[in-house]
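Here are my notes for your read-through. Keep the structure open beside them and check each point as you go.

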Amino acid sequence: MRRVSRFAVAGAAAAALAVTVSACGSSSTESAGSGKSKGIGLAYDVGGKGDQSFNDAAYAGFQKAEKDFGVGGRDIEPQDGESDADKVQRLETLAKSGYNPVIGVGFAYAPAVKQVAAKYPKISFGIIDDNTIKAKNVADMVFHEEQSSYLAGIAAAKTTKKNHIGFIGGVDIPLIHKFEAGFLQGAKSVNPKIKIESQYLTQTPQEGGFSSPDKGENAANGQIDAGADVIYHAAGLSGQGVIKAAAAHKVWAIGVDSDQYEQSALSAYKDYILTSALKNVSGAVYDLTKSVLKDHKPLSGEVRGSLDNGGVGLSDTNPVFKNNADLQAALKKAEQGIKDGTIKVNAS
């Protein structure tokens, strides 16, 4: 039976992963995972470490796990234009070297995780943002992104002075559609007639939708020129450009995945970062590592973060956001409605 588990919230500590590999075993494969783990292996998604968003959230969990469990770790950056075979090689390198668990950060790792996990059954694997792998030694770590995005939509609609807001998605794929759907629904729950600009930077990740701040900046400039004064991005590294443009025009940006108000690389723009729609990627990485290295009961199956278990939410580090009593009351009411089921949030 596949175990469905809840994320333990990493909370403040989170502030502060073509050559086809044979599925047949080998002596190195069979021995991998049989000894003491060298620690956590992490393979990053497009944009890599330093995106101040998705990948950096994973790195925060990686760092906390290293510290708390007294283990080593290895994290590996992606390459531009890489293939699934490159991802397979990266994960296999970590597994063969004795890291356990091994985590692929991002849905693009699904084919590689499926293949390598089958070859190394004694090692626990995790994948963020994909729930298609059905294996006893794989944890599919996914989130209700639409729920936090609904709250972001309320925040945008309650903050705009022009009744005109915007959404910028990195890549036109189902995962990012969840962010857009929740955001639009949340905003319209406040003002059904609100004007919403919505666009995607690219059709595929290979075109740079998650890794091109210039694309994000250009898109944000266009939406601001059209009249939007609050812009929510779900665009990874490209979102840095969205935030830069918002600050330049003195309008609000809403960040994603990590608390972008608190990110040092974005400190010059923080006064224009209203809030961020959080996704507890750090907690997912940490909890899987804990289950393997401390509890010795590895998580497996679908592990889904939601508002109910703290896996998603909104940051409140910006005092302007936190001290807006009307906005906070609206958010509290919406959050309760989502938790008790009276509000059904669209996922597409």
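1. Start with Gly311. Gly311 sits in the loop that links S11 to strand S12 (312–314). Helices (H or I, at least four residues) and strands (E, at least two) are DSSP runs, numbered from the N terminus. Is Gly311 buried or exposed? Gly311 is buried, at a relative accessible area of 1%. Buried means under 20% relative accessible area, exposed means over 50%, and partly exposed lies in between (1.4 Å probe, protein chains only). In sequence, Gly311 and Ala284 are 27 residues apart. In space, C-alpha to C-alpha, Gly311 and Ala284 are 8.4 Å apart.

2. A word on the source. This is a predicted model, in which local features need pLDDT of at least 70 and side-chain atom pairs count only at pLDDT 80 or more, while totals for chains, interfaces and linings use all residues. Residues are numbered from 1 along each chain as its sequence is written, and side-chain values use heavy atoms, with hydrogens and water left out.

3. Now the sheet. Six strands form an open sheet in the order S2-S1-S3-S4-S5-S11, and the pairing is parallel. Two strands pair if DSSP finds at least two bridges between them. Which strands are at the edges? They are strand S2 (72–76) and strand S11 (301–305), and each pairs on one side only. On average, neighbouring strands of this sheet are turned by 20° against each other, direction ignored. Axes are lines fitted to C-alpha atoms, for helices over the stretch in contact, and angles run from 0 to 180 degrees between N-to-C directions.

4. Look at strand S1 (residues 39–43). Five bridges join S1 to S2, and the two run parallel. Ile40 stands opposite Gly73 in S2. Leu42 faces Asp75 of S2 in the same way, standing opposite. S1 is mostly covered, with five of its five residues buried.

5. A helix lies against this sheet. Helix H10 (residues 281–293) packs on the sheet and touches S1, strand S3 (102–104), strand S4 (125–128) and strand S5 (138–143). Contact means heavy atoms within 4.5 Å. The direction of H10 makes about 155° with that of S5.

6. H10 also has a helix partner. Helix H3 (residues 54–69) packs with H10 at an angle of about 35°, and their axes are 7 Å apart. H3 passes H10 in a right-handed crossing. A crossing is left-handed if the near helix is turned anticlockwise from the far one by less than a right angle, and right-handed if clockwise. Among the residues in contact are Phe54, Phe62 and Phe69 of H3, and Val281, Val285 and Tyr286 of H10. The contact residues of H3 and H10 divide into 10 nonpolar, three polar and three charged. Ala, Val, Leu, Ile, Met, Phe, Trp, Tyr, Cys and Pro count as nonpolar, Asp, Glu, Lys and Arg as charged, and the others, Gly among them, as polar.

7. Helix H6 (residues 145–159) and helix H7 (residues 174–190) pack at about 40°, with axes 6 Å apart. H6 and H7 are therefore oblique to each other. Angles under 35 degrees count as roughly parallel, over 145 as roughly antiparallel, 65 to 115 as roughly perpendicular, and the rest as oblique. H6 passes H7 in a right-handed crossing. The contact includes Tyr150 and Ile154 of H6, and Phe179 and Phe183 of H7. The residues of this contact divide into 10 nonpolar, six polar and four charged.

8. Check the backbone next. Most residues other than glycine have a negative phi, and most peptide bonds are trans. The peptide bond from Asn100 to Pro101 is cis, with omega near 10°. Pro101 lies in the loop between helix H4 (84–96) and S3. Gln52 has a positive phi of about 60° although it is not a glycine. Gln52 belongs to the loop between S1 and H3, and is buried at a relative accessible area of 9%. Lys250 also has a positive phi, near 60°. Lys250 lies in the loop between helix H9 (239–249) and strand S9 (252–257), and is exposed at 61% relative accessible area.

9. Last, Gln203. Gln203 lies in the loop between strand S7 (195–202) and helix H8 (213–226). What does Gln203 touch, not counting residues up to four places away in sequence? Gln203 touches Val171 and Asp172. Gln203 and Val171 are 32 residues apart in sequence, yet 5.4 Å apart in space, C-alpha to C-alpha.
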